[in-house]
Amino acid sequence: MQIVNGKTGWIEVICGPMFSGKSEELIKRIRRAQIAKRRVQIFKHGIDDRYNSTDIVSHSQQKLPGIAVTDIEDIMQMVDDRTELVAIDEGQFFDAHIIAVANKLANQGKRVIIAGLDLDYRGRPFGPMPQLMCSAEYITKQLAICMTCGDPANFTQRLTSAKDQILVGASETYEARCRRHFEPPAEEPEK
Ligand code: ADP
């Protein structure tokens, strides 16, 4: 195993609601590393096929080629020993194993950047994101702009009545809302 010499790895998490610029921020950090000739590998969860099955794409149509995976172990198989930056988009869709994988890669001396939704459409923590934030050295919380009033938006309002935690969509299905205008769905009665 070749560890990047003389370097300590770390984890960066970029979180926030939909439309808050997580993908834009991830793309910006990747591009800067590429300009500095760092070895970069880019992954995203394969469930998000809004635009293209492999590219990381922002809602503002910025994009970078990546590899779509659904099993986080596949990333461990694909990461080259010499890679210095591992970027992962849509981190919320991976299972809890992503926490161990991110720590392992950082312990190998790599910079690991994970972007993902911190809250789901109910306003509850999404998947492994809370634990990833606990492991991260750096956390960037992005906010969008509330579509109702223009205040800072921390929530993703689902515009349909679907109840699944995962429902892939863009502005036809979701919009950014502040805490005053976010309307979480009614709680399901206990069975
Ligand atoms: P995320 O990855 O957080 O969903 P993206 O980086 O894909 O966000 O997209 C951010 C872009 O979304 C903004 O630059 C802007 O063009 C667009 N956008 C659409 N709706 C909003 C909103 N309500 N607030 C801010 N940006 C928005």
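First, the ground rules. The model is predicted, so local features need pLDDT of at least 70 and side-chain atom pairs count only at pLDDT 80 or more, while totals for chains, interfaces and linings use all residues. Residues are numbered from 1 along each chain as its sequence is written, and side-chain values use heavy atoms, with hydrogens and water left out.

Let's start with the ligand. How many residues surround the ligand? The count is 15. To be counted, a residue needs a heavy atom within 4 Å of the molecule. The closest are Phe 19, Lys 22, Glu 24, His 59 and Ile 145. By class, the shell has seven nonpolar, six polar and two charged residues. Here is how the classes run. Nonpolar covers Ala, Val, Leu, Ile, Met, Phe, Trp, Tyr, Cys and Pro; charged covers Asp, Glu, Lys and Arg; polar is the others, Gly among them.

Which elements supply the shell? Helix H1, residues 22-35, and strand E9, residues 144-145, each give at least two residues. H1 gives the most, with three. Helices and strands here are DSSP runs, numbered from the N terminus; a helix (H or I) has at least four residues, a strand (E) at least two.

Now the polar contacts. A polar contact is a pair of N or O atoms within 3.5 Å; within protein, one must be able to donate a hydrogen and the other to accept it, and residues adjacent in sequence count only if both atoms are side-chain atoms. Look at Glu 24. An N or O atom in the Glu 24 side chain is 2.6 Å from an oxygen atom of the ligand. Next, Ile 145. A backbone N or O atom of Ile 145 is 2.8 Å from a ligand nitrogen atom. Then Gly 21. A polar backbone atom of Gly 21 is 3.0 Å from a ligand oxygen atom. How much of the ligand is covered? Taken alone, the ligand exposes 580 Å², and the protein buries 76% of that. Those areas come from the Shrake-Rupley method with a 1.4 Å probe; for residues, only the protein chains shown count as cover.

On to salt bridges. How many salt bridges does the structure hold? The answer is ten. A salt bridge here is a side-chain nitrogen of Lys or Arg within 4 Å of a carboxyl oxygen of Asp or Glu. I'll also sort residues by exposure. Buried means under 20% relative accessible area, exposed means over 50%, and partly exposed is in between (1.4 Å probe, protein chains only).

Take Arg 177. Its side chain meets that of Glu 175 in a salt bridge, at 2.8 Å from N to O. The Arg 177 side chain also meets that of Glu 183, at 3.9 Å. Buried or exposed? Arg 177 is buried, at 11%. Glu 175 is buried too, at 17%. Glu 183 is exposed, at 55%.

Another pair is Arg 82 and Asp 80, with a salt bridge of 3.1 Å, N to O. Arg 82 is partly exposed, at 43%. Asp 80 is partly exposed as well, at 31%. There is also a network. Salt bridges link Glu 12, Glu 25, Lys 28, Arg 29 and Arg 111.

Next, cysteines. A search of the whole structure finds zero disulfides. The cut-off is a pair of cysteine sulfur atoms within 2.5 Å. For Cys 134, the nearest cysteine sulfur is that of Cys 15, 11 Å away. Cys 134 is exposed, at 70% relative accessibility. Cys 149 is partly exposed, at 33%.

Phe 182 sits in the segment after strand E12, residues 174-177. Phe 182 is buried, at 10%. Phe 182 and Phe 43 are 139 residues apart in sequence and 31 Å apart in space, C-alpha to C-alpha.

Gln 165 is in the loop between strand E11, residues 155-158, and E12. Gln 165 is partly exposed, at 38%. From Gln 165 to Phe 126 is 39 residues in sequence and 8.7 Å in space, C-alpha to C-alpha.

Finally, Gln 62 lies in the loop between strands E3 (56-57) and E4 (63-64). Gln 62 is partly exposed, at 29%.
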